Amino acid sequence: MDTKKSDFIWMAGGPQGSGVDSSANIFARACCYGGLHVYGKREYSSNIKGLHSYFQIRVSTEKVEAMVDRVDLLCTFDAESVVRHIWEVTPGGGIICDTGVLETKIFSIPTLPPSFLEEFRKNLDEKGLHPETVNDLLSELKKNDVRIYAVPYLEMLKEIGKEVGEEQLSKLTRMINVLTLGVSFGLVNYDKKNVEKAINNIFGKKPSIVSMNLLAFNKAYDHAREKFGDTGFKLNTIKTDEERIFLQGTQAVALGKLAGGCRIQAYYPITPAADESEYLEEKQVLENGGAIIVMQTEDEIAAITMATGAALTGVRSATSTSGPGFSLMVEGLGWAGINEVPVVINYYQRGAPATGLPTRHGQDDLRFAIHASHGEFPRIVLCSGDIEECFYDAAQAFNYAERYQTPVIHLIDKALANSNMSCKMLDPRLVIIERGELLNEADISGKNYRRFDFTDTGISPRLPIGTPGAVFWNTGDEHSETGHITEEPMMRTRMLEKRMKKLDTADREIPLGEKIKFFGDEDAPAIIVSWGSPKGAILEAMEMLKNDGYRTGFLQVRMPHPLPKEYITKVLGKTSKKIDIEGNYSGQLAGIIREKTGILMDYFVLKWNGRPMSSDEVYNALLRILQNKAQVRQVLNGGS
Amino acid sequence: MALKIADYKTQVFNDWCPGCGNFGILTSLQMALVDMQLAPSRVAIFSGIGCHAKIPHFMNTYGIHTLHGRALPFAIGAKLADPGLEVIVHGGDGDGLGIGAGHFVNTGRRNMDMTYIIHDNGVYGLTKGQPSPTLKLGVKTKANPKPNINEGINPIALALATGYTFIARSYCYDVAHLKETIKKAINHKGMALVIVQQCCPTYNDINTKDWYGGEDRKDPATGKPVPRLYKLEDTGYDGVVRKPEEALVKTAAAFAKAYEWGDRIPTGVFYQNELVSTYQERISQRIADYLKMPPAKQVIADREGKSATSITRLLEELKVT
């Protein structure tokens with residue numbers, strides 16, 4: 001069974017800096033305005049200008065939360081994009097390209113790396129093809145029922161330039177992206193009004209740019225209608241009463257943090273986390289009073305220690321980073337742990353270790369998030385599986401941090417950070433603020449306040465520094481109830497135990513529903529376990545399998561630490577096929593489950609090539625397992 | 001009732017070595033706070049790691065003993081969230097200028113309204129006397145097997161280059177001068193740095209009390225020692241910038257003074273410029289009610305625990321249907 005045929009998959013590819021992102025944003029918005037749902041995946045290189053990037057958008061009549069392994073309409077800005085994505089175009093699909101690239105020699109494209117070309121040539125040899133130019137390649141594809149829409153970008157731009165009195169070619173070529181949009185929408189005969197509205201939204205701040213882009217769009221649209229006519233694709237608008245927004249993961253996190261009361265954010269620029277901080281800074285003054293301060297620090301060590309210093313005053317504060325940054329933060333994390341400071345770290349994973357794949361996806365850091373720091377202290381790790389969860393979890397993380405007075409790591413990944421999608425309006429009324437045992441001046445009046453008093457729950461009532469009528473001490477050394485240094489064995493034993501007790505308290509108090517989500521049948525013969533962004537692909541694959549007659553269940557672990565082990569033991573104990581799916585080499589979650597429950601997963605579906613999992617590849621891997629044709633370990637390698 | 005020195009003391013046993021220069025810093029700080037009558041619960045003292053870093057435990061104020069080299073960012077976070085706090089940061093020379101050098105530099109750029117006191121003794125005391133970043137090239141203190149192979153950082157010159165708007169030096173055994181210098185630093189509008197030449201009687205046998213006092217070079221006429229330390233204010237030096245156009249000239253003058261070392265070591269205020277905007281003022285430019293409603297004082301939930309933050313406008317911007 002295939003992923004939904006009725007969905008339309010559009011892809012824009014071009015050199016970085018050529019407007020791939022804005023064209024994709026316009027495309028997606030235009031679809032949203034027409035009542036359609038979109039899911040967009042952004043892939044880019046660690047480079048400012050020139051290297052390849054692409055944006056793939058899935059358009060559907062229903063909500064979609066994963067990508068599939070095909071492209072219906074490939075919209076290219078340059079020769080490289082044609083070559084890179086050519087085999088992804090589905091039979092019956094089409095490729096839009098510039099007539100100017102047709103004579104480009106494939107093996108002379110300088111930005112295509114040798115390893116790609118080697119692989120590409122092997123692929124051609126297997127197919128018995130020997131194309132020299134892009135045109136040769138496209139001609140071969142026509143046999144595959146793929147249509148080629150070659151458009152003279154340059155001539156069109158010159159015409160537009162004449163009309164608007166702009167002769168500078170460099171200014172005009174910035175509109176190639178809008179030309180390709182015009183052709184795209186012309187080919188699918190989509191309602192122009194929605195696209196014009198989207199162009200206005202994206203370029204709205206500069207009226208002259210808007211009008212020039214509208215002109216370019218219309219010209220290209222009309223050209224496509226005239227020259228190519230109907231193409232077999234038709235994108236129809238549909239009516240919807242649902243209130244929807246279109247956003248990317250980093251925005252969802254930022255909004256969740258604002259609603260959750262975060263008022264200090266300290267960060268150091270890093271991909272893909274920085275988008276969140278920039279959005280927060282742009283929107284820092286809040287509409288009903290107050291503001292969030294976004295501090296760009298000198299490094300991630302300063303980021304976490306500043307956030308922690310701020311948290312001492314009682315403010316909800318956070319830092320946002322990716323793997324390399326978190327590595328630097330680790331000593332600070334331990335300080336927050338031993339001093340029982342609520343601080344939130346929004347941790348966007350990417351391919352690792354070291355610099356790894358700086359702009360690419362990865363789920364390599366689950367174990368690191370759980371274990372980072374020397375010594376032992378309680379922490380809570382919360383993993384979002386989709387963009388909506390990113391919003392609610394970002395707010396909820398502060399509740400856990402304050403209730404248990406300890407660092408909370410909110411694990412996100414690049415696939416969530418840089419994907420964008422339409423979803424129903426978020427509901428800030430669902431955001432509840434729980435500040436835990438937070439004292440004020442009146443509470444401590446006349447009392448001898450001790451910051452680290454022993455209690456049954458391990459939680460010592462907290463007082464913001466600066467509160468009149470008291471003082472207390474913090475230290476990174478082991479300390480007594482007063483917060484002064486101690487090296488006494490008995491105090492050490494008790495104080496460390498007090499801190500660790502908070503993890504038991506959290507484990508006991510946090511409802512199961514906040515720690516896991518279960519989809520499908522608990523008594524299915526195959527149960528999938530996963531965390532983070534594979535969720536969307538897994539849910540879609542399960543739907544496809546259901547249509548094939550297979551019953552599956554999916555246990556989404558949202559809180560891997562403390563792990564809800566009783567429930568996991570109960571569910572996994574009943575099933576004959578236990579399947580772990582995650583985006584790393586070693587099956588980190590499976591390892592944690594084995595450690596905590598003794599249960600060994602039967603199958604592993606793993607991926608670490610820097611690309612998110614698609615519904616198709618998850619489906620295929622699961623099908624092999626269900627048909628008893630799978631190895632214990634399957635490694636996925638999809639995505640370009 | 002007026003606050004007395006006892007109000008700033010704790011019962012914690014002080015385990016600095018006998019004769020440690022830190023005692024003078026502690027006393028001067030307590031005396032400064034008494035003079036200024038700053039309520040203990042309004043004051044937050046941050047420190048790094050090392051001998052200096054125990055100082056908050058001896059001060060009856062909010063005391064935050066942080067990580068090696070990281071006192072500044074912790075303190076900045078607190079000051080940012082609650083600008084009403086009187087934040088005083090202590091650092092060591094290794095702590096603040098070695099492992100924490102990046103924070104030292106970037107703190108200058110921000111010009112937060114805080115005070116930073118560096119206890120400079122030229123050695124890493126708590127790890128038994130290794131050379132610190134301020135020890136001069138070729139100097140061999142007693143715990144070191146070889147003379148120092150690195151040149152010393154000049155913290156005053158570095159502070160000038162990075163934007164500190166109050167830069168002073170004082171001496172741990174001149175409690176009166178140090179107390180007044182700390183008061184000036186606290187009163188300064190902007191980021192204040194006080195370098196305290198602090199003797200480590202256990203590990204630094206070169207820059208000792210006798211050395212600073214000139215006991216090794218007595219005036220043949222009077223038989224009295226000729227101290228190495230002198231006070232800038234006694235020479236008519238004035239490092240205060242009163243008009244914007246003076247800033248460069250006074251920076252250059254302070255720079256020259258910063259490189260005096262050896263036979264004559266200046267103390268006092270090298271440079272002060274309150275004409276530079278503070279970080280708090282810069283934020284207030286962006287967030288009009290920042291000082292009235294700083295992050296630590298904002299109400300984030302109603303009585304039922306519902307979020308008090310409206311994000312309606314932001315969601316509206318993202319709306320597509």
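Predicted model: local features only at pLDDT ≥ 70, side-chain atom pairs only at ≥ 80, totals over all residues.
Which residues sit closest to its centre? Strand E3 (52-60) and helix H3 (114-127) of chain A each give at least two residues to the lining, and the largest share, 5 residues, belongs to H3(A).

Rolling a probe the size of a water molecule over the atoms shows where empty space is left. In the whole structure, a search turns up 3 cavities of 30 Å³ or more. The volume of the largest cavity is about 120 Å³. Its lining has 14 residues, and those closest to the centre are Tyr39(A), Glu65(A), Ala66(A), Leu416(A) and Ser533(A). Helix H16 (414-417) and helix H20 (534-547) of chain A are the elements that contribute two or more residues to this lining. By type, the residues around the largest cavity are 10 nonpolar, 2 polar and 2 charged.

Now turn to a pair of helices. Two packed helices are described by the angle between their axes and the distance between the axes. In chain A, helix H5 (residues 153-164) and helix H9 (residues 207-228) have axes that come within 10 Å and cross at roughly 135°. That angle makes H5(A) oblique to H9(A). As for handedness, H5(A) and H9(A) form a right-handed crossing.

Finally, some details of the backbone deserve a look. Most residues other than glycine have a negative phi, and most peptide bonds are trans. Against that background, the peptide bond from Ala352(A) to Pro353(A) is cis, with omega near 5°. You can find Pro353(A) in the loop between strand E11 (344-349) and helix H14 (366-371) of chain A. Another cis peptide bond runs from His561(A) to Pro562(A), with omega near 0°. The loop that holds Pro562(A) is between strand E18 (552-557) and helix H21 (565-573) of chain A. Glu340(A), a residue other than glycine, has a positive phi, near 60°. Look for Glu340(A) in the loop between helix H13 (323-338) and E11 of chain A.

Note on methods:
Residues numbered from 1 in each chain as written. Chains lettered and ligands numbered in written order. Heavy atoms only, no water. 1 Å grid on protein atoms, 1.4 Å probe; cavity = no way out; pocket = protein on both sides within 12 Å on 5 of 7 lines; lining within 4 Å. Points joined across faces, edges and corners; volume = space filled by probe spheres on them. Helix = DSSP H or I, 4+ residues; strand = E, 2+ residues; numbered from the N terminus. Nonpolar A, V, L, I, M, F, W, Y, C, P; charged D, E, K, R; others polar. Axes fitted to C-alpha atoms, helices over the stretch in contact; angles between N-to-C directions. Parallel < 35°, antiparallel > 145°, perpendicular 65-115°, else oblique. Left-handed = near helix turned anticlockwise from the far one by under 90°.
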